[in-house]
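Here is a friendly briefing to read alongside the sequence and the 3D view.

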Amino acid sequence: MNRFSYARASEVPQAIEQHRANAAAAFIAGGTNLVDLWRENVAHPEVVVDINRLPLKQIEPTAAGGLKIGALVTNSAAAYDATIAARYPLLAKAILAGASPQIRNVASVGGNLLQRTRCVYFYDAGTRCNKREPGTGCPALEGVNRMHAILGASEHCIAVHPSDMCVALAALDATVHVTGPDGSRIVPFSDFHRLPGDTPHIDTNLRADELIIAVELPKQGFAEHHAYVKVRDRASYAFALVSVALGLELDGDIIVNAQCALGGVAHKPWRDVDAEASLRGKTLNADTVREFATGLLREARGRRGNAFKIELTARAIERAFVMARQGSFEESAS
Amino acid sequence: MNTPTAETALDVAPSDVQRLPVSFDINGRKHQFEVEAWISLLDLLREHCHLSGTKKGCDHGQCGACTAIVDGQRINTCLALAVVHDGASITTIEGLAKGEELHPVQQAFIDHDAFQCGYCTPGQICSAVAMLEEGHAKTADDVRELMSGNLCRCGAYTNIVAAILDAADLADKGARP
């Protein structure tokens, strides 16, 4: 653990300036991941810039009929927000499937996007890890890899993104509003997180000194037909082996639109828009869904500890479609 | 004025270390400190306020033994930097009883024998008190799910759930929440 100093920001430009003043600065909101990583000797901030007093705690409708969620809205506040619960229940369910109530009470929406993998090697500063120390290697390739990626991995890193909330945001086609020294921009959710490639130490496309301001949801919330399926090693408070966020538009049994993101299987929430497009106009039945899952997992690669996740993912996808079709499944405790 | 100084046990702090003035309302009493940036709320409570009821279990956000109620919300104090929560009102296990009268959740834990070694109990009780305030727990399954941030290595879960349900009924009958 290293010592660090503390700066408190009251305005967004001030926060960015305080962050810019030190190359090893870190923004802190809930801090549930940063404090842990610092204590584990994985993160070494020299300055912690406290952004909790910034005016980013609103949940407000957008002109486009969607919803904008401030980056400092806590996970609990988002999950229990009446509008989100009613219009975007997929998001509410995904958030409530993640972490514990204590963590959700402080963890922010913006921070959730930036949380780091729970790969055991990344978290253990006594081991090699390309994500933590580029170029040192990846013991997970042949080591303990039960929780690791089956899609989009590289020979440099097979870690997965740990978030549940982000899986729902990916399925919902959210966008991320960021601002930095060079101005503000809006990043599509699918472009926010990165695959590991040969730069696994870079998790996201957020630029230096940029700050997440908000997450925006489009109008379509799939309130009628949606599901969040999370498969894990214990009934609650565990990271996903596999999770599926699914939003469906149906015309009777005909699929009008399907948006499906997977968690626990890749370095980012996994979408396959081509596979989704192939579902349009088809009748929703077991064969259609199995074919979709097979296509989506065509390039999946398992290793000793995680090969079981390929079939598990296919079955979780099937379950999500069944649940979404019913539209009334309450998954409160799984 | 004698302002207590909260020093870390990490190291011998050099004199140029940044010290930050913070104030808290802890169990109804005002406290002021100067803290280093990295002091957790848990260490502040235990080492500097000598409120050792709040336990350090994993120091990692995984066990819930450090749960206290901060500005009405149950949180893991081990993952909270004290300075980030400057100005907060904090209730710990020591602040739940009214004099000799135990909080209904405390009484229910005794009535239901809802602990064995007792180490997780302060966190369990603070978590349960805040959960009942949140108002999302309607069934025993809800209680199990919404108490999942508190582990009990003795495995007293059955009685913990029973105690919480009992306390919730008490609250329904007009007892102090």
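Chain B holds five helices and six strands. In this predicted model, the elements of chain B follow the order β-β-β-α-β-β-β-α-α-α-α from the N terminus.

**Chain B as a whole**

- Chain B has 177 residues, and 49% of them count as buried.
- Among the contacts in chain B with a separation of 6 or more, 57% come from residues 24 or more positions apart.

**Where chain A meets chain B**

- The contact draws on 35 residues from chain A and 37 residues from chain B.
- The size of an interface is often given as the accessible area lost when the parts come together.
- Between chain A and chain B about 2900 Å² is buried, and carbon and sulfur atoms give 54% of that area.
- Two salt bridges are counted between chain A and chain B. In a salt bridge between these chains, the side chains of R39(A) and D59(B) meet at 3.3 Å, N to O.
- Polar contacts across the interface of chain A and chain B come to 15 residue pairs, with both residues at pLDDT 80 or more.
- On the side of chain A that touches chain B, at least two residues each are supplied by β1 (5-8), α2 (34-39) and α6 (101-104) of chain A.
- Sorted by class, that side of chain A has 16 nonpolar, ten polar and nine charged residues.

**The open sheet in chain A**

- Four strands of chain A make an open sheet, ordered β9-β10-β11-β12, with antiparallel pairing.
- β9 and β12 (270-271) of chain A stand at the edges with a single partner strand each, so one side of each has no neighbour in the sheet.
- β9(A) is joined by six bridges to strand β10 (residues 242-251) of chain A, and the two run antiparallel.
- Across from H226(A) stands G247(A), a residue of β10(A).

**K230(A), a charged residue in a strand**

- Strand β9 (residues 226-231) of chain A is where K230(A) lies.
- Is K230(A) buried or exposed? K230(A) is buried, because its relative accessible area is 5%, and buried means under 20%.
- Which polar partners does the side chain of K230(A) have? One of them is the side chain of D164(A), in a polar contact at 2.8 Å. Another is the backbone oxygen of A97(A), which lies 2.7 Å from a polar atom of the K230(A) side chain.

**N22(A), a loop residue**

- N22(A) has its place in the loop between α1 (12-20) and β2 (25-28) of chain A.
- With a relative accessibility of 18%, N22(A) counts as buried.
- Leaving aside residues up to four places away in sequence, N22(A) touches E46(A) and V47(A).

**Two residues with positive phi**

- Most residues other than glycine have a negative phi.
- N41(A) has a positive phi, near 65°. This residue lies in the loop between α2 and β3 (47-50) of chain A.
- N41(A) is partly exposed, at a relative accessible area of 35%.
- D71(B) also has a positive phi, near 50°. The loop between β4 (67-70) and β5 (73-76) of chain B is where D71(B) is found.
- D71(B) counts as exposed, because its relative accessibility is 53% and the cut-off for exposed is over 50%.

Definitions and conventions:
Residues numbered from 1 in each chain as written. Chains lettered and ligands numbered in written order. Predicted model: local features only at pLDDT ≥ 70, side-chain atom pairs only at ≥ 80, totals over all residues. Heavy atoms only, no water. Contact = heavy atoms within 4.5 Å. Buried area = accessible area lost by both parts, 1.4 Å probe. Salt bridge = Lys/Arg side-chain N within 4 Å of Asp/Glu carboxyl O. Polar contact = N/O pair within 3.5 Å; in protein donor to acceptor, adjacent residues only side chain to side chain. Nonpolar A, V, L, I, M, F, W, Y, C, P; charged D, E, K, R; others polar. Buried < 20%, exposed > 50% of the residue type's maximum accessible area, 1.4 Å probe, protein only. Pairing = 2+ DSSP bridges.
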